[in-house]
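Here is a short tour of a structure with its ligands, written for someone who likes cut-offs spelled out. Have a look at the model first, and then we will walk through it together.

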Amino acid sequence: MLIDTYGRVATDLRVSLTDRCNLRCTYCMPEEGLQWLAKPDLLTDDEIVRLIRIAVTQLGITEVRFTGGEPLLRPGLVGIVERCAALEPRPKMSLTTNGIGLKRTAQALKAAGLDRVNVSLDTLRPDVFKTLTRRDRHHDVLDGMAAAREAGLTPVKVNSVLMPGLNADESPDLLAWAVENDYELRFIEQMPLDAQHGWKRDGMITAGDILASLRTRFTLTEEGQEERGSAPAERWIVDGGPHTVGVIASVTRPFCAACDRTRLTADGQVRTCLFATEETDLRAALRSDGEDGSDETIARIWKQAMWGKKAGSGLDDPSFLQPARPMSAIGG
Ligand code: SAM
Ligand code: SF4
């Protein structure tokens, strides 16, 4: 098991497949993009599948989420999903994507064994989308979501980040649209994980702001703690159900005590937390011969890394330091 000194057990693995992206969301990346990882530094498809196999068969991982960067940019994605679906025990598998290209790949991903998708969409207004992501691709995202729903990659969850002065007024419209289209909407508080270090706590839209805004149009009833489990989203039933809306309030209502995650970057580093400032290298072991590169050695290094997981994100600590890797390179 991947257990830490606080007794938390990680069963949910987030795998970043690439640090590259075809959007430039202002809260994530600068306009000019970033210095991408060099190809030889990236894990190969075989290396990724091997690590997931070790995680599933030796370390108690039951859920795998593929992310990035933009995971649909990874050429081998469908093959990776297919090989992971053949593992025993078979992990649940989902994908977090900006939805561009999903129209083309949704059926193949479903056939390969993917269970669900989370698609990020912050606005219903194409002009605001263009300002927020610096690309004119609103339509592609909507098409991708619809294709995912039709392919049965359900429930299709939608992730929205609200930014002051841009889309902060859109939460009720987004919820009405999500209910109508049978998508499960979750708002994510903006976190200090952008490469440009532009996050300001004073300026951010909080869970409290979002809920107040939603309540101007909807009746929200909080779901119990039992239904929530270790999920980062607190959920509310909308107008008596069956639809729900979630808020992931990592900044103002952190859920670190219930965290069940471990993360793997596209260059093979284990991270115990989004906000961790230290990483543990698995790639060197993966590329070693003999005992140093055995499944048992890799599993042992991974366990040791998780044992050192900190109690919390440290966001509220005056000495908080933003991690060197931005969200797109960690795998959000
Ligand atoms: N490119 C894919 C996407 O956008 O869904 C996957 C990677 S992205 C880093 C994963 C999620 O992180 C997205 O839902 C995105 O909105 C969110 N995200 C990125 N930067 C963030 C930030 N600074 N604060 C909160 N959420 C952020
Ligand atoms: Fe790309 Fe996702 Fe970051 Fe937007 S949030 S720039 S889509 S990685």
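## Polar contacts of ligand 1

An oxygen atom of ligand 1 sits 2.6 Å from an N or O atom in the side chain of Ser120. That is a polar contact, meaning a pair of N or O atoms within 3.5 Å; within protein, one must be able to donate a hydrogen and the other to accept it, and residues adjacent in sequence count only if both atoms are side-chain atoms. On the nitrogen side, a polar backbone atom of Gly69 is 3.0 Å from a nitrogen atom of ligand 1, and a polar side-chain atom of Glu70 lies 3.2 Å from a nitrogen atom of the ligand. Taken alone, ligand 1 exposes 540 Å², and the protein buries 95% of that; accessible areas come from the Shrake-Rupley method with a 1.4 Å probe, and for residues only the protein chains shown count as cover.

Before going further, please keep in mind that this is a predicted model, in which local features need pLDDT of at least 70 and side-chain atom pairs count only at pLDDT 80 or more, while totals for chains, interfaces and linings use all residues. Residues are numbered from 1 along each chain as its sequence is written, chains are lettered from A and ligands numbered from 1 in the order in which they are written, and side-chain values use heavy atoms, with hydrogens and water left out.

## The two ligand shells

Which residues come nearest to ligand 1? Of the 18 around it, they are Tyr27, Gly69, Thr97, Ser120 and Met191, where a residue is near a molecule or strand if one of its heavy atoms lies within 4 Å of it. By class, this shell has 6 nonpolar, 10 polar and 2 charged residues. Here Ala, Val, Leu, Ile, Met, Phe, Trp, Tyr, Cys and Pro count as nonpolar, Asp, Glu, Lys and Arg as charged, and the others, Gly among them, as polar. Strand E5 (92-97) and strand E7 (157-161) are the elements that give two or more residues to the shell around ligand 1; helices (H or I, at least four residues) and strands (E, at least two) are DSSP runs, numbered from the N terminus.

## Salt bridges

Side chains of opposite charge can pair when their charged atoms come close. The structure holds 20 salt bridges, each a side-chain nitrogen of Lys or Arg within 4 Å of a carboxyl oxygen of Asp or Glu. One of them joins Arg14 and Asp12, with the closest N and O atoms 3.1 Å apart. Arg14 is buried at 7% relative accessibility, and Asp12 is buried with a relative accessible area of 7%; buried means under 20%, exposed over 50%, and partly exposed in between (1.4 Å probe, protein chains only).

Asp173 and Arg217 meet in another salt bridge (2.7 Å, N to O). Asp173 lies in helix H6 (residues 171-181) and Arg217 in the loop between helix H7 (207-215) and strand E9 (220-222), so the pair ties together parts that are 44 residues apart in sequence. Asp173 is partly exposed at 34%, and Arg217 is partly exposed at 47%. There is also a network of salt bridges that links Asp267, Arg271, Glu279 and Arg325.

## Backbone details

Two cis peptide bonds deserve a look. The bond from Glu88 to Pro89 is cis, with omega near -5°, and Pro89 is placed in the loop between helix H2 (77-85) and E5. The bond from Gly241 to Pro242 is cis as well, with omega near 5°; Pro242 is found in the loop between E10 and strand E11 (244-248).

Which phi value does Asp182 have? It is positive, about 65°, although Asp182 is not a glycine. Asp182 sits in the loop between H6 and strand E8 (184-188) and is exposed, with a relative accessible area of 53%.
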